[in-house]
Amino acid sequence: MTTLHQEHTAHGHSHGPDCGHDQVPHGDHVDYAHDGHLHREHGGHWDECEPETHVTHDGHDHRHGDGCGHTGVLHGDHVDYLHDGHRHAEHDGHWDDH
């Protein structure tokens with residue numbers, strides 16, 4: 001998945017397996033959920049990991065929500081759900097792949 005390069009310049013916190021933030025597998029890297037953003041390490045700094053385009057997850061019949069069995073991660077003004085190595089977010093009657 002191609003993501004925009006948005007450096008998170010005011011990020012003094014280092015992420016890792018024991019940092020206390022949710023780890024989100026995302027393609028070839030791991031994002032960390034922190035303050036409503038998803039961060040990834042890139043070139044010695046931290047980037048916001050956001051999709052470049054709107055990607056609909058077709059054929060997703062499962063409904064996410066409280067008690068669905070998948071981890072919810074606060075992401076800006078909504079919750080993404082971790083499912084099968086993807087982050088899904090409800091959007092206009094369908095699920096997006098983030």
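Mentor: We will go through this predicted model one question at a time.

Trainee: Which residue in β7 stands opposite Leu74?

Mentor: Strand β6 covers residues 72-75 and strand β7 covers residues 78-83; the two run antiparallel and are joined by four bridges. Opposite Leu74, the residue in β7 is Val79.

Trainee: Which residue in the turn between β6 and β7 has a positive phi?

Mentor: The two strands form a hairpin, with two residues between them. The turn residue with a positive phi, about 65 degrees, is Gly76.

Trainee: Which side chains of β6 point to the buried face?

Mentor: Side chains alternate along β6.

Trainee: Which residues make up the largest nonpolar core?

Mentor: Val73, whose bridge partner in β7 is Asp80, is one of its members. The core has five residues. They are Val24, Ala33, Leu38, Val73 and Leu82.

Trainee: What is the bridge partner of Leu82 in β8?

Mentor: β7 is joined to strand β8, residues 86-91, by three bridges, and the two run antiparallel. Leaving aside residues up to four places away in sequence, Leu82 touches Gln23, Val24, His70, Thr71, Val73 and Arg87. Its bridge partner in β8 is Arg87.

Trainee: How far from Arg40 is the nearest side chain of opposite charge?

Mentor: Arg40 lies in strand β4, residues 37-42. The side chain of Arg40 makes a polar contact with the side chain of His29 at 3.4 Å. A salt bridge needs a side-chain nitrogen of Lys or Arg within 4 Å of a carboxyl oxygen of Asp or Glu. Arg40 is buried and has no salt bridge; the nearest side chain of opposite charge is Asp28, at 4.9 Å.

Trainee: Why does Asp92 count as exposed?

Mentor: Asp92 sits in the loop between β8 and β9 (94-97). Asp92 has a positive phi of about 50 degrees, although it is not a glycine. Most residues other than glycine have a negative phi. Exposed means over 50% relative accessible area, and Asp92 counts as exposed because its relative accessibility is 70%.

How values were computed:
Residues numbered from 1 in each chain as written. Predicted model: local features only at pLDDT ≥ 70, side-chain atom pairs only at ≥ 80, totals over all residues. Heavy atoms only, no water. Buried < 20%, exposed > 50% of the residue type's maximum accessible area, 1.4 Å probe, protein only. Lys, Arg positive; Asp, Glu negative; His and termini not counted. Polar contact = N/O pair within 3.5 Å; in protein donor to acceptor, adjacent residues only side chain to side chain. Core = buried A, V, L, I, M, F, W, Y, C linked by side-chain atoms within 4.5 Å. Contact = heavy atoms within 4.5 Å. Pairing = 2+ DSSP bridges.
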